[in-house]
Amino acid sequence: MADAGHLQDAIGMLEHGDADDLFELGVWFDSGRWVAQDRAHARDLFGRAADAGSPQADTILTNFLGNGTGGSRDWAAAVDRLRQRSATDERAAFELDLIEQMDLDENGNPTEIAMDQLLSASPNIRLVPGLLTKGECAYLAVAAGPYLQPATVVDNLSGKAIRNPIRTSETAVMTPPLESLVIQAINRRLAAATETNVYQGEPLQVLRYQPGQEYKPHIDAIPSLDNQRVWTALVYLNDGYEGGETQFVSGAFVRGQTGTALIFRNVDDEGRPDKRTAHRGCPVTKGTKLLASRWIRERPFAPDPNQHANA
Ligand SMILES: O=C(O)CCC(=O)C(=O)O
Ligand SMILES: [Fe+2]
């Protein structure tokens with residue numbers, strides 16, 4: 001893009017354009033591409049694009065209404081919008097069906113969650129069989145599919161996300177615009193299972209390991225991070241593959257069935273990375289392993305003044 005004048009001209013054209021133009025400009029403000037990130041403005045543009053007939057904008061607006069991105073949060077309004085789209089959009093109908101099968105309160109929080117089984121008291125390691133249904137697991141695989149990319153890890157020297165042979169799977173990061181109401185409700189279930197606020201979670205990731213791929217031994221807490229990753233929640237999304245167990249240095253060896261969550265605390269009582277939680281995802285030897293993972297921080301991960309009203 002050339003100088004600021006030309007950029008202003010482009011923005012002006014998109015502002016006065018059709019549904020696709022408004023959607024495109026919404027993506028710019030949502031992502032901070034070309035312009036300073038402004039999610040409230042992005043939300044407004046997605047609303048205008050949706051009114052002008054863009055189904056993609058309607059999807060993102062639904063997600064922002066549900067998760068409180070760029071403005072206030074209104075779960076009931078988000079579900080209504082999904083219901084309207086479900087008449088013409090198969091994916092929306094699939095999502096609405098899953099939402100309607102969940103026991104949720106008026107804010108999208110679970111009214112009850114499955115019982116957990118303690119694997120270790122210190123460090124705290126727990127299994128929650130059946131935290132997700134098989135339908136929800138299948139949905140996550142479908143929703144993440146188009147966004148799978150080679151996984152990265154945070155580089156201790158630069159702080160940047162880089163490719164690293166320690167983690168050879170592919171990963172989809174389900175950021176706020178991609179966070180459908182089903183994913184939001186699942187994130188709220190993971191928050192309930194860890195007794196945390198949903199906004200402490202980093203975006204849900206969906207990992208896909210193929211034969212030979214693995215996640216070498218590591219600790220999910222990051223040295224000297226201010227807002228530490230205090231919990232990890234993993235959910236096994238399928239079975240039928242070989243290898244691929246999650247193994248702790250302490251010896252615990254986990255291969256959950258479809259829908260089982262593995263939850264563990266990454267820090268000790270002083271909040272320091274707990275080396276006893278070092279673990280790995282063993283190489284898959286046959287088939288494909290799908291896993292959802294959420295790293296949960298000590299405090300809200302991406303604070304937004306609007307997000308806590310009815311978190
Ligand atoms: O693949 C696994 O079983 C482990 C994944 C993992 O350690 C992580 O996502 O932090
Ligand atoms: Fe990990």
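Modeller: Domain bounds here come from an automatic or database domain assignment. On that basis the protein chain is divided into domain 1 (4-101) and domain 2 (117-297). This is a predicted model, in which local features need pLDDT of at least 70, side-chain atom pairs count only at pLDDT 80 or more, and totals for chains, interfaces and linings use all residues. Residues are numbered from 1 along each chain as its sequence is written, and chains are lettered from A and ligands numbered from 1 in the order in which they are written.

Biologist: What separates the centres of domain 1 and domain 2, and how many residues are in contact?

Modeller: The centres, taken over C-alpha atoms, are 28 Å apart. Two residues are in contact if their C-beta atoms, placed from the backbone, lie within 7 Å. By that test 14 residues of domain 1 touch eleven residues of domain 2. On the domain 1 side, α4 (55-67), α5 (75-86) and α6 (90-101) each supply at least two residues. The largest share, five residues, comes from α4. The residues on this side divide into seven nonpolar, five polar and two charged. Ala, Val, Leu, Ile, Met, Phe, Trp, Tyr, Cys and Pro count as nonpolar, Asp, Glu, Lys and Arg as charged, and the others, Gly among them, as polar.

Biologist: Why is α4 called largely enclosed?

Modeller: A residue is buried if 20 or more other C-beta atoms lie within 10 Å of its own, exposed if 12 or fewer, and partly exposed in between, with C-beta atoms placed from the backbone. Eleven of the 13 residues of α4 are buried, so the helix is largely enclosed by the rest of the structure. Among them are I60, L61, F64 and L65. The cover over the buried residues of α4 includes α2 (19-31), α3 (39-51), α5 and α8 (181-193).

Biologist: Which residue follows α4, and why does G68 count as buried?

Modeller: G68 follows α4 and has a positive phi, near 75 degrees. G68 lies in the loop between α4 and α5. G68 has 24 C-beta neighbours inside 10 Å, so it counts as buried.

Biologist: How do you know which strands pair in the eight-strand sheet?

Modeller: Two strands pair if DSSP finds at least two bridges between them. The order is β1-β2-β13-β9-β16-β7-β6-β3, in an open sheet with antiparallel pairing. β3 is joined to β6 (residues 170-174) by two bridges, and Q149 has T171 as its bridge partner in β6. β6 also pairs with β7 (residues 204-209), over five bridges; there, E170 is partnered by R208. At the other end, three bridges link β1 to β2 (residues 125-128), and L118 stands opposite R126. β1 and β2 form a hairpin with four residues between them.

Biologist: Which residues surround ligand 1?

Modeller: A residue is near a molecule or strand if its C-beta atom, placed from the backbone, lies within 6 Å of it. The residues surrounding ligand 1 are Y215, D220, T232, L234, T246, H279, G281, L291 and S293. β9 (229-236), β14 (279-281) and β16 (289-297) are the elements giving two or more residues to this shell. By class, the shell has three nonpolar, five polar and one charged residues.
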